[in-house]
Amino acid sequence: MAYNIFSRIAFIIILIVLCNACASTEALHKGFTKRKTSLKYINDTKWQEKTTPYTVCVDKVLLNDGKFRGPGLVRKIKSSVIPLIIYTGWKADHDYRLGQDGIKEDIGAFIQCAMIEESNRSGIFKADTLQSVSNFKLEIEVESLGVSGPYHQEGFFVFLYLVYVWSFQEAGGQSQAYSKFHYTLKKDGITVLDAYAKSEQQSERFHTTYPSKKIIRSAFNTSMVEALSLTFKKNIETIVKDVNRYLLLQQKEQMTQN
Amino acid sequence: MLRRIKNPLILLLIFISCAPPKYQVVNDSTYYDTNDARNPRKTVLLSIKQFTDSEDLINLIKKRDWLTIEKRLREQNRPALFIKSIRHLIEKKYAESYKLLNALPEDAYACQVLLLKIDCLYELKSDTTSFRNQYQKVYDCTPDPKVKSIVKDHYRFVKYGL
């Protein structure tokens with residue numbers, strides 16, 4: 001009786017462990033995107049006094065990189081299984097490319113909001129979404145963006161009749177995030193500033209010290225979203241500095257003309 | 001039946017009680033040594049300016065010697081609410097900690113009172129507040145660059161859902 005129960009338990013454990021070893025790319029993708037992460041970050045620039053009278057209308061942000069609109073992609077790079085009776089070992093390397101599925105906000109709407117918030121913080125001008133209050137209009141297009149990183153799974157199961165030992169671990173990262181914005185500032189419909197802002201950011205590395213596989217997969221996705229949002233932050237700060245510089249010159253010109 | 005589950009239950013209770021606390025207390029000199037990526041914990045700063053004996057207090061907190069801490073603060077006639085609220089945070093009694101913090105001005109201890117109140121609301125699963133906006137408020141409130149960095153770290157716990 002006891003032998004029967006033991007062999008059933010052992011069989012179930014072997015089955016669970018083997019299922020773990022053969023996790024499909026779909027299962028991994030589901031694990032990564034189960035908990036969507038917010039792009040929001042803490043602004044750390046200094047508050048600026050609004051020394052110019054200008055208001056800039058921040059237009060809806062266009063996303064030109066079509067690749068990112070999809071759900072993201074998990075690709076198996078290489079995998080190996082050693083299926084012996086007393087020893088089963090496995091290893092798998094994946095590559096995960098983040099898509100909209102892992103992110104809480106709509107990217108265009110988020111960048112527009114973040115741009116207005118940053119402008120009202122470190123800009124020497126006011127920012128708004130209404131064109132009617134301003135003759136300056138800022139248009140931003142996301143030319144390219146992306147984050148991808150490696151995900152590693154490894155484990156073994158040793159079965160010695162009455163004794164069995166198993167171990168598995170997963171590790172993710174470091175991921176590389178990048179984004180490139182094209183921005184134009186228009187005054188009464190005429191382009192007065194036309195430039196690019198681009199930045200890169202590396203994410204953290206995650207390993208199995210986190211309590212569970214579920215948490216580490218979700219944390220891996222979060223680290224990627226976090227890295228991407230930091231590239232947005234840097235680009236937005238660059239744009240605000242550039243607009244500040246232009247508007248300051250504009251103000252000086254107007255003052256000398258008067 | 002009870003006999004069968006008794007031992008695993010005891011083991012589980014031991015495991016839960018040995019789980020590391022979510023909070024660590026540092027002072028200005030130990031702040032840079034305590035960021036361990038493998039075991040992320042929320043940091044509270046006991047500034048040397050406000051707690052001249054912060055090193056002793058931190059050692060007592062590490063030993064969970066709350067009686068000595070309370071005795072020391074009482075003898076020296078020093079305010080104990082902040083330290084008591086930290087005790088509750090370490091013991092994961094977030095509602096009690098929130099009550100104590102509510103009695104302090106939000107900008108006290110370089111705005112860490114407000115920071116810890118937001119932490120409590122997060123732990124108590126309050127969905128009536130935008131945590132990012134609240135942490136941003138603390139970031140803008142505090143003049144201390146170390147606390148600014150601590151605020152960013154605490155917000156990361158929200159992002160990671162830890």
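Biologist: How many helices and strands are in chain A?
Modeller: Chain A has four helices and nine strands. Keep in mind that this is a predicted model.
Biologist: And in what order do the elements of chain A run?
Modeller: Starting at the N terminus, the order is α-α-β-β-β-β-α-β-β-β-β-β-α.
Biologist: Is chain A spread out or a compact globule?
Modeller: Spread out. The radius of gyration of chain A is 25 Å, well over the 18 Å that the globule rule gives for 258 residues, so chain A is more spread out than a compact globule. Along the principal axes, its C-alpha trace spans about 100 × 30 × 25 Å.
Biologist: What share of chain A is buried?
Modeller: Buried residues make up 30% of the 258 residues. As for contacts between residues at least 6 apart in sequence, 81% of those in chain A join residues at least 24 apart.
Biologist: OK, chain B. What's in there?
Modeller: Eight helices and two strands. Along the sequence, chain B reads α-β-β-α-α-α-α-α-α-α.
Biologist: How much of chain B is buried?
Modeller: 30% of its 162 residues. Of the chain B contacts with a separation of 6 or more, 41% are between residues 24 or more positions apart.
Biologist: Now where the chains meet. How many residues are in contact?
Modeller: 13 residues of chain B are in contact with 13 residues of chain A. On the chain B side, α7 and α8 each supply at least two residues, and α8(B) gives the most, with five.
Biologist: What kinds of residues does chain B put there?
Modeller: On the side of chain B that touches chain A, there are six nonpolar, three polar and four charged residues.
Biologist: Since α7 and α8 of chain B came up, how do those two helices pack?
Modeller: Helix α7(B), residues 131-141, and helix α8(B), residues 145-160, pack at an angle of about 170°, with their axes 9 Å apart. Roughly antiparallel is the label here, because angles over 145 degrees count that way.
Biologist: Which residues make that contact?
Modeller: From α7(B) you have B:Phe131, B:Arg132, B:Tyr135, B:Val138 and B:Tyr139, and from α8(B) there are B:Lys148, B:Val151, B:His154, B:Tyr155 and B:Val158. By class, that contact has seven nonpolar, one polar and two charged residues.
Biologist: Switching to α2 in chain B. Which of its residues are buried?
Modeller: B:Ser54, B:Leu57 and B:Ile61. Those residues cover an arc of only 60° around the axis, which puts them on the same side of α2(B). They pack against β1 (23-26) and α3 (66-75) of chain B.
Biologist: Why would residues a few places apart point the same way?
Modeller: An α-helix has 3.6 residues a turn, so residues three or four places apart point the same way.
Biologist: What's exposed on the other side of α2(B)?
Modeller: B:Asn59 and B:Lys62 are exposed there.
Biologist: And α5 in chain B, which residues are buried?
Modeller: In α5(B), residues 94-102, the buried ones are B:Tyr94, B:Ser97, B:Tyr98, B:Leu100 and B:Leu101. Looking down the axis, they fall within an arc of 165°, so they line one face of the helix. Their packing partners are α4 (81-90) and α6 (108-123) of chain B.
Biologist: Which peptide bond is cis?
Modeller: The one from A:Gly173 to A:Gln174, with omega near -5°. A:Gln174 is in the loop between β7 (163-172) and β8 (176-187) of chain A.
Biologist: Why flag these at all?
Modeller: Most residues other than glycine have a negative phi, and most peptide bonds are trans.
Biologist: Last one: where is A:Gly146?
Modeller: In strand β6 of chain A, residues 136-160. A:Gly146 counts as partly exposed, with 19 C-beta neighbours inside 10 Å. Apart from its neighbours within four places in sequence, A:Gly146 is in contact with A:Lys67, A:Phe68, A:Arg97 and A:Tyr178.

Note on methods
Residues are numbered from 1 along each chain as its sequence is written. Chains are lettered from A and ligands numbered from 1 in the order in which they are written. This is a predicted model: local features need pLDDT of at least 70, side-chain atom pairs count only at pLDDT 80 or more; totals for chains, interfaces and linings use all residues. Axes are lines fitted to C-alpha atoms, for helices over the stretch in contact, and angles run from 0 to 180 degrees between N-to-C directions. Angles under 35 degrees count as roughly parallel, over 145 as roughly antiparallel, 65 to 115 as roughly perpendicular and the rest as oblique. Two residues are in contact if their C-beta atoms, placed from the backbone, lie within 7 Å. Ala, Val, Leu, Ile, Met, Phe, Trp, Tyr, Cys and Pro count as nonpolar, Asp, Glu, Lys and Arg as charged, and the others, Gly among them, as polar. A residue is buried if 20 or more other C-beta atoms lie within 10 Å of its own, exposed if 12 or fewer, and partly exposed in between; C-beta atoms are placed from the backbone. The radius of gyration is taken over C-alpha atoms; the globule rule is 2.2 Å times the number of residues to the power 0.38. The arc is that of the directions from the helix axis to the C-beta atoms.
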